[in-house]
Amino acid sequence: MTASLTIRGAWSAARENCAPGCFCYHASWRLFRQAGLKGNPRWHTAFYQRALAERQPSTALVCGSSDETMPQILTELQPGMQITVADACPTPLTLINTWAKETGTQVFTLRSEAPELAGVSGSFDLIVTDGLLSLLPSPADREAVITRLAGLLSEDGLLLYTSRIAGRAGYLEYDRIGRAGQALAATTWPATSAERMVLARQRLRHPSRPSPFASPDQIADAFRNGFGQVRLFTRSAPPTVALALHPAFLIGRGSVCVGIAATQSRRP
Ligand SMILES: C[S@@+](CC[C@H](N)C(=O)[O-])C[C@H]1O[C@@H](n2cnc3c(N)ncnc32)[C@H](O)[C@@H]1O
């Protein structure tokens, strides 16, 4: 199946593929990414570049990717690398397959959910995941993902994790606009109008992406059980104009981009 790589195309792909739990997120994701309102892998390109400067991985696993952005960045940084993308939902996989076809890039996609990651095997020189830990409900789940990913790395492989930590305001910039956008998307969910309204109300009440971590160091600590070496990078400059203009950044309380580079994986 293919989808057009536009805001409308991504929304259509979400209507065809998503479960209610992720429809509002995937249907509105491209709009928010392009508007520069929501954190996405482009905000961490400098970190990926730096982390890969002295490496030439030939295989990579992307665990969770809302659309084609992450495989696109990896291909720009390391052309010819064999990329596998695992995601719990078929919508991003459809978009990634379309992008791969349009650009002649070889990417293997599979529907698979972390921490189990059924169907994902082998060892990868590079594993990349953005924001996934914030989506896992419990510390046990987060630990299980880190252990599973550590076990999928080659002996001298590198794991890169990126995320954002909310500033002193306690929530990420544009969280309310994000919720409103997702609620609006809910009104286009292919279901009865009563079901759409329930979904829309849920999205309005639910913070877009509550982070389980209060500081960059807490994220680094989460990786220390699975890896012998964990390096932490942070960047507090606003990654987009939209963020730079947000009141939280104007008063010096903006969110922080966090990058973790983990090596020497402790295999389970
Ligand atoms: C991990 S974040 C990635 C966000 C990031 N901004 C990006 O564009 O790559 C969101 C993606 O992870 C997927 N996802 C959420 N929970 C997952 C899980 N437990 N296993 C695999 N994929 C998951 C969602 O379907 C979504 O596509």
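At 3% relative accessibility, D67 counts as buried (under 20% relative accessible area is buried, over 50% exposed, and partly exposed in between, with a 1.4 Å probe and protein chains only). Its salt-bridge partner is R33, with 2.8 Å from N to O; a salt bridge is a side-chain nitrogen of Lys or Arg within 4 Å of a carboxyl oxygen of Asp or Glu. R33 lies in helix α2 and D67 in the loop between β1 and α4, 34 residues apart. R33 is also buried, at a relative accessible area of 16%.

## Basis of the model

This is a predicted model, in which local features need pLDDT of at least 70 and side-chain atom pairs count only at pLDDT 80 or more, while totals for chains, interfaces and linings use all residues. Residues are numbered from 1 along each chain as its sequence is written, and side-chain values use heavy atoms, leaving out hydrogens and water.

Helices (H or I, at least four residues) and strands (E, at least two) are DSSP runs numbered from the N terminus.

## The linked network

R30 and E68 form a salt bridge whose closest N and O atoms are 2.6 Å apart. This pair joins helix α2 (residues 20-35), which holds R30, to the loop between β1 (59-63) and α4 (69-77), which holds E68, across 38 residues. R30 is buried at 3%, and E68 is buried at 4%. Salt bridges link R30, R33, D67 and E68 in a network.

## A partly exposed pair

The structure holds seven salt bridges, including one between R42 and E76 at 2.9 Å, N to O. R42 lies in the loop between α2 and α3 (45-52) and E76 in helix α4, so the pair ties together parts 34 residues apart in sequence. R42 is partly exposed at 34%, as is E76 at 47%.
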